[in-house]
Amino acid sequence: MTILAFSLSDTFDTIGTFIGTGRRTGIFSKADEDSLDNGRGLNTRLDRALFADAIATSVGAIFGTSNTTTYVESAAGIGAGGRTGLTSVVVAILFAISSFFSPLISIVPSQATAPALILVGVMMMASFKDINWTELEEAIPTFFASIFMGLCYSISYGIAAGFIMYALTKVLKGKASQVSPVIWAVNALFILNFVILAII
């Protein structure tokens, strides 16, 4: 179950981060997002980005490092104007340099970073304007996903809430047949994961 939880968490954290930051930068078009459902092969930027992330995660696991994946903190670089991989290289160099100053940097309280995170959140909220809030089948899952992400401090929990509420909304509107079997399977795994977390 632990492997499943980590797999789901990594997958949905990555997809959520890619779509959120990709929309902000304009790297991923609507066609890229649509092809995620019905595309074949690595024919879009999103596919290639997910493939690169999967390779990095696998190689990181082989070498026993912490999870090597895409993090939402990338939005800070995007907000600063970064649009290419060079942004990550610059950040890596600055991280290496800052390691020499870690005693000094550790004096800065974590609360001091709050304004930057608030600005990142505001920038990411820009995507909400594209949501059709008058369509309950779209609005309710989106609302729960966004609320749970903030309250649970977890992108994957937010996506889980969105998935579950999507299926529930479809059932309550008498459109259960429109829900993909994959969604039902993922929902079952999410619920099982939550039950196990509650018991442990």
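1. A salt bridge here means a side-chain nitrogen of Lys or Arg within 4 Å of a carboxyl oxygen of Asp or Glu. By that rule the count comes to 4 salt bridges. Before the details, some housekeeping: this is a predicted model, where local features need pLDDT of at least 70 and side-chain atom pairs count only at pLDDT 80 or more, while totals for chains, interfaces and linings use all residues. Residues are numbered from 1 along each chain as its sequence is written, and side-chain values use heavy atoms, with hydrogens and water left out.

2. On the overall fold: the protein has 10 helices and 0 strands, and along the sequence the pattern reads α-α-α-α-α-α-α-α-α-α. Helices (H or I, at least four residues) and strands (E, at least two) are DSSP runs, numbered from the N terminus. Of the 200 residues, 27% count as buried; buried means under 20% relative accessible area, exposed over 50%, and partly exposed in between (1.4 Å probe, protein chains only). Contact means heavy atoms within 4.5 Å. Among the contacts with a separation of 6 or more, 54% come from residues 24 or more positions apart.

3. Now to helices H8 and H9. H8 covers residues 136-152 and H9 residues 155-172, and their axes come within 7 Å, crossing at roughly 155°. Axes are lines fitted to C-alpha atoms, for helices over the stretch in contact, and angles run from 0 to 180 degrees between N-to-C directions. H8 and H9 are therefore roughly antiparallel to each other. For the wording, angles under 35 degrees count as roughly parallel, over 145 as roughly antiparallel, 65 to 115 as roughly perpendicular and the rest as oblique.

4. H8 passes H9 in a right-handed crossing. A crossing is left-handed if the near helix is turned anticlockwise from the far one by less than a right angle, and right-handed if clockwise. From H8, the contact residues include Leu-136, Glu-137, Ile-140, Pro-141 and Phe-144, and from H9 they include Ile-155, Tyr-157, Met-165, Thr-169 and Lys-170. The residues of this H8 with H9 contact divide into 14 nonpolar, 3 polar and 2 charged.

5. Thr-169 sits in helix H9 and is buried, with a relative accessible area of 8%. Leaving aside its neighbours within four places in sequence, Thr-169 is in contact with Leu-136, Glu-137, Ile-140 and Pro-141.

6. Glu-137 lies in helix H8 and Lys-170 in helix H9, so the pair ties together parts that are 33 residues apart in sequence. Glu-137 counts as buried at 10% relative accessibility, and Lys-170 counts as buried at 6%.

7. Glu-137 also forms a salt bridge with Lys-175, the closest N and O atoms being 2.7 Å apart. Lys-175 lies in the loop between H9 and H10, so this pair with Glu-137 in helix H8 ties together parts that are 38 residues apart in sequence. Lys-175 is partly exposed, with a relative accessible area of 27%. Salt bridges that share partners join Glu-135, Glu-137, Lys-170, Lys-173 and Lys-175 into one network.

8. What is the distance between the closest N and O atoms in the salt bridge of Glu-135 with Lys-173? They are 4.0 Å apart. Glu-135 is in the loop between helix H7 (114-124) and H8, and Lys-173 in the loop between H9 and helix H10 (181-199), 38 residues apart. Glu-135 counts as partly exposed at 31% relative accessibility, as does Lys-173 at 39%.

9. Last, H9 against H10. Their axes come within 10 Å and cross at roughly 125°, and the two helices are therefore oblique to each other. H9 passes H10 in a left-handed crossing. The contact includes Phe-163, Ile-164 and Val-171 of H9 and Trp-184, Phe-190 and Phe-194 of H10. The residues of this H9 with H10 contact divide into 14 nonpolar, 2 polar and no charged.

How values were computed
Nonpolar A, V, L, I, M, F, W, Y, C, P; charged D, E, K, R; others polar.
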